[in-house]
Amino acid sequence: MSLQEPSSSSKRLEDSSVSRESQTHDEFGSSTSKSTMDYDPQGSPVQYDAGLQDEVDCDVLSKIESDVNLSRELSRKLTNAFAVEQDTDTLAPLLPMGNGRPYPPQAPDREQFTVAFDGPNDPLFPQNWATRKKIRMCLLIGLNAFCVAFGSAVFSPAIPYISAQYGVINVVSTLSVSLFVIGFATGPVVWAPLSELYGRKPVLFVSSLGFMLFSFAVATAQDIQTIMICRFFTGAIGSGPMVVVPAGFADMFGSGSRGIAITIFGMTIFCGPLLAPIIGAFIAKSYLGWRWIEYILGMLGAAGFISVFFYQETHHPIILVNKAVTLRRRTGNWMIQAPHEEVTLSIKEICEKNITRPLKMLFTEPILLLISIYTAFIYGILYLFLTAYPLVFNKGYHMTQGVAELPYFGLIIGQLLGGAFLIWYELSYNRKIERSGIKRTPEARLVPSIVGGIAFPIGLLWFCWSGYYADEVHWIVPTLSGLFSGFGLITIFNQCLNYLVDAYLVFAASAMAANTFLRSSFGACFPLFAGYMFEAMGINWAGLLIGLFAACLIPLPIIFYFYGERIRHKSKYAFVY
(Lines give C-alpha, C1' and ligand atoms only; values in the text may rest on other atoms or scores of the structure.)
Protein backbone atom coordinates (compact mmCIF):
# COMPACT_ATOMS: atom_id res chain seq x y z
CA MET A 1 0.00 0.00 0.00
CA SER A 2 1.37 3.45 -0.81
CA LEU A 3 0.33 7.05 -1.00
CA GLN A 4 0.49 9.05 -4.19
CA GLU A 5 2.12 12.43 -4.28
CA PRO A 6 -0.13 15.47 -4.57
CA SER A 7 -1.55 15.82 -8.03
CA SER A 8 -4.38 17.70 -9.60
CA SER A 9 -5.10 15.04 -12.16
CA SER A 10 -5.15 11.36 -11.35
CA LYS A 11 -6.04 10.65 -14.99
CA ARG A 12 -2.73 12.13 -16.12
CA LEU A 13 -0.91 9.80 -13.76
CA GLU A 14 -2.77 6.82 -15.17
CA ASP A 15 -2.09 7.90 -18.75
CA SER A 16 1.61 8.25 -18.18
CA SER A 17 1.72 4.82 -16.47
CA VAL A 18 4.17 6.35 -14.00
CA SER A 19 3.65 5.42 -10.39
CA ARG A 20 4.75 8.35 -8.28
CA GLU A 21 4.42 6.51 -5.04
CA SER A 22 6.57 7.20 -2.03
CA GLN A 23 7.59 3.90 -0.54
CA THR A 24 10.52 3.39 1.81
CA HIS A 25 12.50 0.24 2.38
CA ASP A 26 14.61 -0.61 5.36
CA GLU A 27 17.99 -2.21 4.81
CA PHE A 28 16.43 -5.67 4.89
CA GLY A 29 13.99 -4.92 2.11
CA SER A 30 10.75 -4.49 4.02
CA SER A 31 8.61 -1.59 2.96
CA THR A 32 6.18 0.76 4.59
CA SER A 33 3.95 3.49 3.31
CA LYS A 34 5.09 7.05 3.77
CA SER A 35 3.57 10.38 3.00
CA THR A 36 5.42 13.11 1.19
CA MET A 37 6.04 16.70 2.07
CA ASP A 38 5.10 19.47 -0.29
CA TYR A 39 1.97 21.30 -1.25
CA ASP A 40 -1.28 19.68 -2.16
CA PRO A 41 -3.40 21.18 -4.94
CA GLN A 42 -5.03 23.52 -2.41
CA GLY A 43 -1.63 24.77 -1.22
CA SER A 44 -1.60 23.15 2.22
CA PRO A 45 1.67 21.67 3.41
CA VAL A 46 1.80 17.89 3.62
CA GLN A 47 4.36 16.66 6.14
CA TYR A 48 6.81 13.83 5.74
CA ASP A 49 5.95 11.58 8.64
CA ALA A 50 8.89 9.40 7.64
CA GLY A 51 10.73 8.68 4.41
CA LEU A 52 13.15 11.52 3.97
CA GLN A 53 12.62 12.43 7.61
CA ASP A 54 13.24 8.96 8.92
CA GLU A 55 15.53 8.51 11.91
CA VAL A 56 18.75 10.08 10.70
CA ASP A 57 22.26 8.84 11.36
CA CYS A 58 25.57 9.51 9.64
CA ASP A 59 24.66 7.64 6.46
CA VAL A 60 21.01 8.68 6.13
CA LEU A 61 21.47 10.18 2.68
CA SER A 62 23.17 7.08 1.33
CA LYS A 63 20.25 4.98 2.57
CA ILE A 64 17.81 7.36 0.94
CA GLU A 65 19.60 7.47 -2.39
CA SER A 66 20.22 3.74 -2.45
CA ASP A 67 16.45 3.40 -2.69
CA VAL A 68 15.09 4.37 -6.10
CA ASN A 69 11.77 5.70 -4.84
CA LEU A 70 13.27 7.81 -2.06
CA SER A 71 15.97 9.09 -4.37
CA ARG A 72 13.29 10.10 -6.85
CA GLU A 73 11.34 11.82 -4.09
CA LEU A 74 14.46 13.71 -3.01
CA SER A 75 15.15 14.91 -6.57
CA ARG A 76 11.55 15.99 -7.02
CA LYS A 77 11.82 18.02 -3.84
CA LEU A 78 15.07 19.66 -4.96
CA THR A 79 13.62 20.56 -8.36
CA ASN A 80 10.21 21.55 -6.91
CA ALA A 81 8.68 19.21 -9.47
CA PHE A 82 5.28 19.11 -7.78
CA ALA A 83 4.63 22.81 -8.34
CA VAL A 84 5.93 22.62 -11.92
CA GLU A 85 3.59 19.72 -12.72
CA GLN A 86 0.60 21.55 -11.28
CA ASP A 87 1.34 24.58 -13.44
CA THR A 88 1.73 22.50 -16.59
CA ASP A 89 -1.33 20.31 -15.96
CA THR A 90 -3.69 21.74 -18.60
CA LEU A 91 -6.39 20.38 -20.84
CA ALA A 92 -4.57 21.55 -23.97
CA PRO A 93 -4.32 18.83 -26.63
CA LEU A 94 -1.04 16.96 -26.97
CA LEU A 95 1.25 17.95 -29.80
CA PRO A 96 1.42 15.39 -32.63
CA MET A 97 4.44 13.14 -33.07
CA GLY A 98 4.87 14.36 -36.67
CA ASN A 99 4.46 12.85 -40.13
CA GLY A 100 1.20 11.21 -39.07
CA ARG A 101 2.91 8.77 -36.73
CA PRO A 102 0.95 7.41 -33.76
CA TYR A 103 2.10 7.96 -30.21
CA PRO A 104 4.58 5.25 -29.18
CA PRO A 105 3.60 2.66 -26.57
CA GLN A 106 4.32 3.47 -22.93
CA ALA A 107 7.78 2.55 -21.72
CA PRO A 108 8.09 -0.29 -19.19
CA ASP A 109 8.36 0.37 -15.46
CA ARG A 110 10.95 3.10 -15.06
CA GLU A 111 12.27 1.75 -11.76
CA GLN A 112 14.31 -1.00 -13.42
CA PHE A 113 16.04 1.67 -15.55
CA THR A 114 16.66 4.15 -12.70
CA VAL A 115 20.13 4.19 -11.18
CA ALA A 116 20.77 4.45 -7.44
CA PHE A 117 23.70 4.08 -5.11
CA ASP A 118 24.77 0.49 -4.55
CA GLY A 119 23.82 0.45 -0.87
CA PRO A 120 25.08 2.62 2.00
CA ASN A 121 28.68 1.49 1.40
CA ASP A 122 28.86 2.45 -2.27
CA PRO A 123 32.31 4.00 -2.88
CA LEU A 124 30.70 6.56 -5.24
CA PHE A 125 28.83 8.06 -2.28
CA PRO A 126 30.89 11.05 -1.03
CA GLN A 127 30.52 10.15 2.65
CA ASN A 128 32.32 6.87 1.85
CA TRP A 129 35.31 8.57 0.23
CA ALA A 130 38.72 8.14 1.83
CA THR A 131 39.53 10.75 4.48
CA ARG A 132 42.49 11.98 2.46
CA LYS A 133 40.24 12.61 -0.53
CA LYS A 134 37.69 14.47 1.61
CA ILE A 135 40.41 16.69 3.05
CA ARG A 136 41.67 17.45 -0.45
CA MET A 137 38.17 18.42 -1.61
CA CYS A 138 37.69 20.57 1.50
CA LEU A 139 40.96 22.41 0.88
CA LEU A 140 40.00 23.09 -2.74
CA ILE A 141 36.61 24.60 -1.96
CA GLY A 142 37.88 26.17 1.27
CA LEU A 143 40.42 28.15 -0.76
CA ASN A 144 37.60 29.72 -2.75
CA ALA A 145 35.67 30.56 0.42
CA PHE A 146 38.76 32.18 1.96
CA CYS A 147 39.40 34.26 -1.18
CA VAL A 148 35.87 35.66 -1.12
CA ALA A 149 35.86 36.35 2.63
CA PHE A 150 39.32 37.92 2.40
CA GLY A 151 38.24 40.08 -0.53
CA SER A 152 35.27 41.50 1.37
CA ALA A 153 37.47 43.43 3.83
CA VAL A 154 40.89 43.73 2.19
CA PHE A 155 39.79 46.89 0.38
CA SER A 156 38.87 48.78 3.57
CA PRO A 157 42.40 50.28 4.08
CA ALA A 158 42.13 51.77 0.58
CA ILE A 159 39.13 53.93 1.59
CA PRO A 160 41.13 57.10 2.51
CA TYR A 161 43.21 56.78 -0.65
CA ILE A 162 40.09 56.40 -2.81
CA SER A 163 38.52 59.44 -1.11
CA ALA A 164 41.62 61.55 -1.72
CA GLN A 165 42.09 60.45 -5.33
CA TYR A 166 38.48 60.96 -6.43
CA GLY A 167 37.47 63.80 -4.10
CA VAL A 168 34.67 62.08 -2.18
CA ILE A 169 33.96 61.70 1.53
CA ASN A 170 34.92 58.51 3.34
CA VAL A 171 31.37 57.19 3.65
CA VAL A 172 31.12 57.16 -0.16
CA SER A 173 34.37 55.23 -0.42
CA THR A 174 33.09 52.86 2.27
CA LEU A 175 30.49 51.75 -0.27
CA SER A 176 33.29 49.78 -1.94
CA VAL A 177 33.15 47.45 1.08
CA SER A 178 29.39 47.62 1.61
CA LEU A 179 28.52 46.94 -2.05
CA PHE A 180 30.80 43.90 -2.02
CA VAL A 181 28.95 42.55 1.01
CA ILE A 182 25.58 43.42 -0.54
CA GLY A 183 26.72 41.20 -3.39
CA PHE A 184 27.03 38.45 -0.75
CA ALA A 185 23.35 39.01 -0.01
CA THR A 186 22.13 38.75 -3.60
CA GLY A 187 24.42 36.16 -5.17
CA PRO A 188 23.74 33.17 -2.90
CA VAL A 189 19.99 33.45 -3.48
CA VAL A 190 20.72 32.43 -7.07
CA TRP A 191 23.72 30.17 -6.52
CA ALA A 192 22.15 27.92 -3.86
CA PRO A 193 19.15 26.64 -5.88
CA LEU A 194 21.35 26.28 -8.96
CA SER A 195 23.81 24.17 -6.97
CA GLU A 196 20.92 21.94 -5.91
CA LEU A 197 19.76 21.60 -9.51
CA TYR A 198 23.07 21.33 -11.39
CA GLY A 199 25.63 20.45 -8.74
CA ARG A 200 28.33 22.22 -6.76
CA LYS A 201 31.11 22.24 -9.35
CA PRO A 202 29.42 24.29 -12.13
CA VAL A 203 28.46 26.95 -9.59
CA LEU A 204 31.99 27.09 -8.18
CA PHE A 205 33.40 27.30 -11.71
CA VAL A 206 31.31 30.30 -12.78
CA SER A 207 31.56 31.98 -9.39
CA SER A 208 35.35 31.77 -9.07
CA LEU A 209 35.82 32.91 -12.68
CA GLY A 210 33.64 35.97 -12.11
CA PHE A 211 35.42 36.76 -8.84
CA MET A 212 38.80 36.70 -10.56
CA LEU A 213 37.74 38.83 -13.55
CA PHE A 214 35.96 41.52 -11.55
CA SER A 215 38.84 41.75 -9.07
CA PHE A 216 41.17 42.65 -11.93
CA ALA A 217 38.50 45.03 -13.23
CA VAL A 218 38.58 46.97 -9.94
CA ALA A 219 42.37 47.12 -10.07
CA THR A 220 42.30 48.74 -13.52
CA ALA A 221 39.24 50.98 -12.99
CA GLN A 222 39.68 54.63 -13.96
CA ASP A 223 36.76 56.18 -12.07
CA ILE A 224 34.98 55.62 -8.80
CA GLN A 225 31.73 54.47 -10.48
CA THR A 226 33.57 51.55 -12.09
CA ILE A 227 35.18 50.67 -8.78
CA MET A 228 31.81 50.53 -7.02
CA ILE A 229 30.04 48.56 -9.75
CA CYS A 230 32.85 46.03 -10.11
CA ARG A 231 33.18 45.59 -6.35
CA PHE A 232 29.47 44.74 -6.22
CA PHE A 233 29.74 42.15 -8.98
CA THR A 234 32.90 40.72 -7.41
CA GLY A 235 30.85 39.98 -4.30
CA ALA A 236 27.65 38.92 -6.07
CA ILE A 237 29.22 36.57 -8.62
CA GLY A 238 32.02 35.45 -6.33
CA SER A 239 29.73 34.55 -3.44
CA GLY A 240 29.03 31.02 -4.66
CA PRO A 241 31.46 29.37 -2.19
CA MET A 242 29.64 30.95 0.75
CA VAL A 243 26.71 28.54 0.20
CA VAL A 244 28.32 25.77 -1.83
CA VAL A 245 31.08 25.03 0.70
CA PRO A 246 28.85 24.21 3.71
CA ALA A 247 26.52 22.28 1.40
CA GLY A 248 29.54 20.40 0.05
CA PHE A 249 30.58 19.55 3.61
CA ALA A 250 27.08 18.21 4.22
CA ASP A 251 27.52 16.05 1.10
CA MET A 252 30.82 14.57 2.29
CA PHE A 253 30.42 14.27 6.05
CA GLY A 254 27.88 12.58 8.29
CA SER A 255 26.48 14.29 11.35
CA GLY A 256 29.29 12.90 13.51
CA SER A 257 32.11 14.64 11.63
CA ARG A 258 30.27 17.49 9.89
CA GLY A 259 30.58 19.76 12.91
CA ILE A 260 34.37 19.87 12.74
CA ALA A 261 34.29 20.58 8.99
CA ILE A 262 31.80 23.44 9.43
CA THR A 263 33.94 24.81 12.28
CA ILE A 264 36.92 25.07 9.97
CA PHE A 265 34.72 26.75 7.34
CA GLY A 266 33.46 29.26 9.91
CA MET A 267 36.99 30.10 10.99
CA THR A 268 37.89 30.65 7.34
CA ILE A 269 35.15 33.17 6.63
CA PHE A 270 35.70 35.00 9.93
CA CYS A 271 39.49 35.05 10.05
CA GLY A 272 39.64 36.13 6.39
CA PRO A 273 37.99 39.54 6.93
CA LEU A 274 40.20 40.15 9.98
CA LEU A 275 43.50 39.24 8.32
CA ALA A 276 42.54 41.25 5.25
CA PRO A 277 42.78 44.80 6.71
CA ILE A 278 46.22 44.05 8.15
CA ILE A 279 47.60 42.93 4.78
CA GLY A 280 45.65 45.55 2.82
CA ALA A 281 46.90 48.41 5.03
CA PHE A 282 50.56 47.57 4.48
CA ILE A 283 50.00 47.20 0.72
CA ALA A 284 48.03 50.47 0.42
CA LYS A 285 50.62 52.62 2.22
CA SER A 286 53.57 51.02 0.39
CA TYR A 287 54.96 52.06 -3.00
CA LEU A 288 52.60 49.51 -4.60
CA GLY A 289 49.49 51.59 -3.83
CA TRP A 290 45.86 50.63 -3.35
CA ARG A 291 45.41 49.10 -6.81
CA TRP A 292 47.74 46.26 -5.93
CA ILE A 293 45.29 45.17 -3.25
CA GLU A 294 42.95 44.17 -6.05
CA TYR A 295 45.70 42.78 -8.27
CA ILE A 296 46.75 40.43 -5.46
CA LEU A 297 43.10 39.58 -4.80
CA GLY A 298 42.69 38.73 -8.49
CA MET A 299 45.72 36.43 -8.28
CA LEU A 300 44.18 34.67 -5.29
CA GLY A 301 40.96 34.36 -7.28
CA ALA A 302 42.91 32.82 -10.17
CA ALA A 303 44.34 30.21 -7.79
CA GLY A 304 40.81 29.47 -6.57
CA PHE A 305 39.54 29.18 -10.15
CA ILE A 306 42.28 26.70 -11.04
CA SER A 307 41.49 24.65 -7.93
CA VAL A 308 37.91 24.07 -9.17
CA PHE A 309 39.26 21.95 -12.03
CA PHE A 310 40.54 19.45 -9.44
CA TYR A 311 37.30 19.41 -7.46
CA GLN A 312 35.08 16.34 -7.82
CA GLU A 313 31.32 16.78 -7.74
CA THR A 314 29.82 15.95 -4.33
CA HIS A 315 26.10 16.64 -4.86
CA HIS A 316 24.51 13.20 -4.61
CA PRO A 317 21.77 13.53 -7.29
CA ILE A 318 24.33 14.82 -9.81
CA ILE A 319 26.68 11.91 -9.04
CA LEU A 320 23.80 9.60 -9.98
CA VAL A 321 23.23 11.62 -13.16
CA ASN A 322 26.89 11.13 -14.10
CA LYS A 323 26.56 7.43 -13.33
CA ALA A 324 23.51 7.17 -15.61
CA VAL A 325 25.35 9.00 -18.42
CA THR A 326 28.27 6.58 -18.14
CA LEU A 327 25.97 3.55 -18.20
CA ARG A 328 24.05 4.87 -21.22
CA ARG A 329 27.27 5.33 -23.15
CA ARG A 330 28.69 1.96 -22.17
CA THR A 331 25.52 -0.09 -22.69
CA GLY A 332 23.83 1.88 -25.47
CA ASN A 333 20.56 1.71 -23.50
CA TRP A 334 19.11 5.22 -23.67
CA MET A 335 16.38 4.37 -21.12
CA ILE A 336 18.83 4.29 -18.21
CA GLN A 337 18.34 7.45 -16.18
CA ALA A 338 18.87 9.06 -12.80
CA PRO A 339 15.97 10.36 -10.68
CA HIS A 340 17.28 13.91 -11.10
CA GLU A 341 16.85 13.63 -14.89
CA GLU A 342 13.14 12.89 -14.71
CA VAL A 343 12.20 16.55 -14.39
CA THR A 344 13.42 19.15 -16.88
CA LEU A 345 12.97 22.82 -16.03
CA SER A 346 12.90 25.89 -18.22
CA ILE A 347 14.70 29.07 -17.17
CA LYS A 348 11.33 30.58 -16.28
CA GLU A 349 10.45 27.60 -14.07
CA ILE A 350 13.88 27.73 -12.40
CA CYS A 351 13.36 31.40 -11.58
CA GLU A 352 9.77 31.03 -10.39
CA LYS A 353 9.98 27.70 -8.56
CA ASN A 354 13.56 27.36 -7.30
CA ILE A 355 15.47 30.64 -7.10
CA THR A 356 12.75 32.08 -4.87
CA ARG A 357 13.06 29.15 -2.45
CA PRO A 358 15.73 30.65 -0.10
CA LEU A 359 13.72 33.84 0.44
CA LYS A 360 10.52 31.82 0.86
CA MET A 361 12.24 29.67 3.47
CA LEU A 362 13.67 32.71 5.25
CA PHE A 363 10.27 34.29 5.85
CA THR A 364 8.26 31.11 6.50
CA GLU A 365 10.67 29.11 8.68
CA PRO A 366 10.90 30.54 12.23
CA ILE A 367 14.09 28.63 13.03
CA LEU A 368 15.82 29.93 9.92
CA LEU A 369 14.59 33.50 10.38
CA LEU A 370 15.51 33.93 14.05
CA ILE A 371 18.85 32.13 13.83
CA SER A 372 19.66 34.22 10.74
CA ILE A 373 18.86 37.42 12.65
CA TYR A 374 21.32 36.37 15.37
CA THR A 375 24.09 35.46 12.92
CA ALA A 376 23.34 38.62 10.90
CA PHE A 377 23.95 40.78 13.97
CA ILE A 378 27.20 38.92 14.73
CA TYR A 379 28.31 39.27 11.10
CA GLY A 380 27.43 42.97 11.12
CA ILE A 381 29.59 43.50 14.20
CA LEU A 382 32.47 41.78 12.39
CA TYR A 383 32.35 44.46 9.69
CA LEU A 384 31.65 47.19 12.24
CA PHE A 385 35.05 46.32 13.76
CA LEU A 386 36.59 47.49 10.45
CA THR A 387 35.56 51.00 11.51
CA ALA A 388 35.86 50.68 15.29
CA TYR A 389 39.42 49.33 15.49
CA PRO A 390 41.01 52.10 13.38
CA LEU A 391 39.08 54.69 15.42
CA VAL A 392 40.46 53.33 18.68
CA PHE A 393 44.02 52.46 17.67
CA ASN A 394 44.69 55.00 14.91
CA LYS A 395 42.95 58.06 16.31
CA GLY A 396 42.96 57.13 19.99
CA TYR A 397 46.40 55.53 20.37
CA HIS A 398 47.93 57.38 17.38
CA MET A 399 49.25 54.24 15.71
CA THR A 400 50.22 54.45 12.05
CA GLN A 401 48.24 52.67 9.32
CA GLY A 402 49.15 49.01 9.24
CA VAL A 403 50.26 49.02 12.86
CA ALA A 404 46.78 50.20 13.91
CA GLU A 405 45.34 47.05 12.29
CA LEU A 406 47.62 44.62 14.16
CA PRO A 407 45.26 44.49 17.21
CA TYR A 408 42.93 42.47 14.96
CA PHE A 409 45.17 39.58 15.98
CA GLY A 410 43.40 39.66 19.35
CA LEU A 411 40.15 38.80 17.56
CA ILE A 412 41.89 36.18 15.43
CA ILE A 413 43.42 34.46 18.46
CA GLY A 414 40.01 34.55 20.17
CA GLN A 415 38.51 32.84 17.14
CA LEU A 416 41.22 30.19 17.13
CA LEU A 417 40.52 29.52 20.81
CA GLY A 418 36.80 29.34 20.03
CA GLY A 419 37.46 26.95 17.15
CA ALA A 420 39.53 24.71 19.42
CA PHE A 421 36.70 24.74 21.96
CA LEU A 422 34.18 23.76 19.27
CA ILE A 423 36.33 20.88 18.05
CA TRP A 424 36.77 19.67 21.65
CA TYR A 425 33.01 19.88 22.20
CA GLU A 426 32.28 18.01 18.98
CA LEU A 427 34.67 15.17 19.84
CA SER A 428 33.42 14.87 23.42
CA TYR A 429 29.80 14.92 22.25
CA ASN A 430 30.53 12.15 19.74
CA ARG A 431 32.12 10.05 22.49
CA LYS A 432 29.04 10.63 24.65
CA ILE A 433 26.81 9.48 21.79
CA GLU A 434 28.86 6.30 21.36
CA ARG A 435 28.85 5.48 25.08
CA SER A 436 25.23 6.18 25.90
CA GLY A 437 23.56 5.56 22.53
CA ILE A 438 21.39 8.67 22.89
CA LYS A 439 19.78 10.15 19.80
CA ARG A 440 21.78 12.83 18.00
CA THR A 441 19.74 15.99 17.49
CA PRO A 442 20.56 19.30 15.75
CA GLU A 443 19.70 21.20 18.95
CA ALA A 444 22.76 19.76 20.69
CA ARG A 445 24.85 21.94 18.35
CA LEU A 446 23.58 25.05 20.13
CA VAL A 447 25.23 24.47 23.53
CA PRO A 448 28.56 26.20 22.64
CA SER A 449 26.68 29.14 21.12
CA ILE A 450 25.10 29.78 24.53
CA VAL A 451 28.60 30.05 26.03
CA GLY A 452 29.70 32.29 23.15
CA GLY A 453 26.58 34.40 23.54
CA ILE A 454 27.70 35.30 27.07
CA ALA A 455 31.34 35.94 26.09
CA PHE A 456 30.52 38.15 23.10
CA PRO A 457 28.86 41.13 24.85
CA ILE A 458 31.60 41.01 27.51
CA GLY A 459 34.20 41.47 24.78
CA LEU A 460 32.22 44.28 23.13
CA LEU A 461 31.81 46.26 26.35
CA TRP A 462 35.44 45.64 27.32
CA PHE A 463 36.71 46.92 23.96
CA CYS A 464 34.56 50.03 23.71
CA TRP A 465 34.93 51.25 27.30
CA SER A 466 38.68 50.58 27.59
CA GLY A 467 39.31 51.98 24.09
CA TYR A 468 37.46 55.17 24.93
CA TYR A 469 40.05 56.05 27.59
CA ALA A 470 43.08 55.76 25.32
CA ASP A 471 45.02 58.38 27.29
CA GLU A 472 44.71 56.39 30.51
CA VAL A 473 44.51 52.73 29.45
CA HIS A 474 47.33 50.78 27.79
CA TRP A 475 46.64 49.65 24.22
CA ILE A 476 46.95 45.99 25.20
CA VAL A 477 43.75 46.21 27.27
CA PRO A 478 41.31 46.79 24.35
CA THR A 479 43.40 44.41 22.25
CA LEU A 480 42.86 41.60 24.77
CA SER A 481 39.11 42.16 24.59
CA GLY A 482 39.32 40.48 21.20
CA LEU A 483 39.85 37.16 22.98
CA PHE A 484 36.26 37.32 24.25
CA SER A 485 34.80 38.96 21.14
CA GLY A 486 36.52 36.54 18.77
CA PHE A 487 35.56 33.54 20.92
CA GLY A 488 31.94 34.68 20.90
CA LEU A 489 31.91 35.44 17.16
CA ILE A 490 33.05 31.99 16.09
CA THR A 491 31.09 29.94 18.63
CA ILE A 492 27.79 31.71 17.96
CA PHE A 493 28.12 31.86 14.20
CA ASN A 494 29.57 28.40 13.72
CA GLN A 495 27.12 26.49 15.85
CA CYS A 496 24.15 28.37 14.42
CA LEU A 497 25.44 27.45 10.96
CA ASN A 498 25.84 23.82 12.03
CA TYR A 499 22.34 23.85 13.44
CA LEU A 500 20.85 25.12 10.19
CA VAL A 501 22.74 22.53 8.11
CA ASP A 502 21.54 19.71 10.38
CA ALA A 503 17.99 21.05 10.56
CA TYR A 504 17.63 21.57 6.78
CA LEU A 505 19.90 18.79 5.55
CA VAL A 506 18.49 18.28 2.05
CA PHE A 507 17.97 22.01 1.59
CA ALA A 508 21.22 23.03 3.29
CA ALA A 509 22.30 25.20 0.34
CA SER A 510 19.01 27.10 0.29
CA ALA A 511 19.09 27.55 4.07
CA MET A 512 22.65 28.87 3.81
CA ALA A 513 21.58 31.23 1.01
CA ALA A 514 18.75 32.64 3.12
CA ASN A 515 21.10 33.04 6.08
CA THR A 516 23.78 34.64 3.90
CA PHE A 517 21.24 37.03 2.39
CA LEU A 518 20.21 38.41 5.78
CA ARG A 519 23.62 38.45 7.44
CA SER A 520 25.29 40.07 4.44
CA SER A 521 22.64 42.78 4.45
CA PHE A 522 23.66 43.56 8.02
CA GLY A 523 27.34 43.31 7.14
CA ALA A 524 26.85 45.83 4.33
CA CYS A 525 24.93 48.37 6.44
CA PHE A 526 26.94 48.37 9.66
CA PRO A 527 30.13 49.98 8.25
CA LEU A 528 28.06 52.81 6.71
CA PHE A 529 26.65 54.09 10.01
CA ALA A 530 29.42 52.89 12.36
CA GLY A 531 31.63 55.96 12.00
CA TYR A 532 28.75 58.39 12.57
CA MET A 533 27.47 56.36 15.53
CA PHE A 534 30.83 56.19 17.29
CA GLU A 535 31.54 59.88 16.74
CA ALA A 536 28.07 61.05 17.83
CA MET A 537 27.59 58.76 20.84
CA GLY A 538 31.19 58.13 21.78
CA ILE A 539 32.82 54.74 21.54
CA ASN A 540 31.82 53.93 25.12
CA TRP A 541 28.08 54.57 24.83
CA ALA A 542 27.86 53.15 21.32
CA GLY A 543 29.56 50.03 22.68
CA LEU A 544 27.03 49.86 25.49
CA LEU A 545 24.17 50.00 22.97
CA ILE A 546 25.42 47.15 20.80
CA GLY A 547 26.58 45.19 23.86
CA LEU A 548 23.11 45.30 25.40
CA PHE A 549 21.55 44.28 22.08
CA ALA A 550 23.94 41.32 21.95
CA ALA A 551 22.90 40.40 25.52
CA CYS A 552 19.22 40.47 24.48
CA LEU A 553 19.94 37.81 21.85
CA ILE A 554 21.47 35.34 24.32
CA PRO A 555 18.12 33.55 24.96
CA LEU A 556 17.61 32.65 21.26
CA PRO A 557 19.78 29.49 21.17
CA ILE A 558 18.42 28.52 24.60
CA ILE A 559 14.85 28.69 23.28
CA PHE A 560 15.69 26.56 20.25
CA TYR A 561 17.66 24.12 22.38
CA PHE A 562 14.48 23.27 24.29
CA TYR A 563 11.79 23.84 21.64
CA GLY A 564 13.61 23.43 18.31
CA GLU A 565 12.57 19.83 17.72
CA ARG A 566 8.91 20.68 18.28
CA ILE A 567 9.18 23.53 15.76
CA ARG A 568 10.95 21.32 13.21
CA HIS A 569 8.06 18.84 13.32
CA LYS A 570 5.84 21.61 11.96
CA SER A 571 8.30 22.70 9.27
CA LYS A 572 7.80 22.25 5.53
CA TYR A 573 11.52 21.85 4.83
CA ALA A 574 13.31 20.67 7.97
CA PHE A 575 14.42 17.13 8.79
CA VAL A 576 12.89 15.51 11.85
CA TYR A 577 15.51 13.38 13.60
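Reply: Start with confidence. This is a predicted model. The mean pLDDT of the chain is 80, and 81% of its residues reach 70 or more.

Me: Which residues stay under 50 in pLDDT?

Reply: Residues 1-59 do. For that stretch the model has 120 contacts beyond four places in sequence.

Me: What makes up the chain in terms of helices and strands?

Reply: There are 22 helices and four strands. Of the 577 residues, 58% count as buried. Among contacts with a separation of 6 or more, 80% join residues 24 or more positions apart.

Me: Why are α16 and α19 called roughly antiparallel?

Reply: Helix α16 covers residues 366-396 and helix α19 covers residues 476-503. They pack at an angle of about 155°, with their axes 10 Å apart. The cut-off for roughly antiparallel is over 145 degrees. So α16 is roughly antiparallel to α19. Their crossing is left-handed.

Me: Which residues make that contact?

Reply: On α16 they include I367, L368, I371, Y374, L382 and F393. On α19 they include P478, G482, L489, F493, C496 and L500.

Me: How do you know that α5 and α10 are roughly antiparallel?

Reply: The axes of helix α5 (residues 131-153) and helix α10 (residues 240-252) cross at roughly 165°. They come within 9 Å. The label applies to angles over 145 degrees, and α5 and α10 are therefore roughly antiparallel to each other. α5 passes α10 in a left-handed crossing. The α5 side of the contact includes K134, M137, C138, I141 and V148. The α10 side includes P241, M242, V245 and F249.

Me: Why is C138 called buried?

Reply: C138 has a relative accessible area of 15%. Buried means under 20%, so C138 is buried.

Me: What makes C147 buried?

Reply: The relative accessible area of C147 is 2%. The limit is under 20%, so C147 is buried.

Me: Why does S466 count as buried?

Reply: S466 sits in helix α18 (residues 447-468). Its relative accessibility is 10%. That is set against a limit of under 20%, so S466 counts as buried. S466 touches Y397, V473, V477 and P478, leaving aside residues up to four places away in sequence. The C-alpha atoms of S466 and I476 are separated by 9.8 Å. The two residues are 10 apart along the chain.

Me: Why is I279 called partly exposed?

Reply: I279 belongs to helix α11 (residues 255-285). Its relative accessibility is 40%. Buried is under 20% and exposed is over 50%. I279 therefore counts as partly exposed. I279 and V154 are 125 residues apart along the chain, yet their C-alpha atoms are separated by 7.2 Å.

Me: What makes H398 exposed?

Reply: H398 has a relative accessible area of 65%. Exposed means over 50%, so H398 is exposed. H398 is found in the loop between α16 and α17 (408-436).

Me: Why is the phi of H398 worth a remark?

Reply: Most residues other than glycine have a negative phi. H398 is not a glycine, yet its phi is positive, at about 60°.

Conventions: Residues are numbered from 1 along each chain as its sequence is written. This is a predicted model: local features need pLDDT of at least 70, side-chain atom pairs count only at pLDDT 80 or more; totals for chains, interfaces and linings use all residues. Side-chain values use heavy atoms; hydrogens and water are left out. Buried means under 20% relative accessible area, exposed over 50%, partly exposed in between (1.4 Å probe, protein chains only). pLDDT is the predictor's confidence in each residue, from 0 to 100. Contact means heavy atoms within 4.5 Å. Axes are lines fitted to C-alpha atoms, for helices over the stretch in contact, and angles run from 0 to 180 degrees between N-to-C directions. Helices (H or I, at least four residues) and strands (E, at least two) are DSSP runs, numbered from the N terminus. Angles under 35 degrees count as roughly parallel, over 145 as roughly antiparallel, 65 to 115 as roughly perpendicular and the rest as oblique. A crossing is left-handed if the near helix is turned anticlockwise from the far one by less than a right angle, and right-handed if clockwise.
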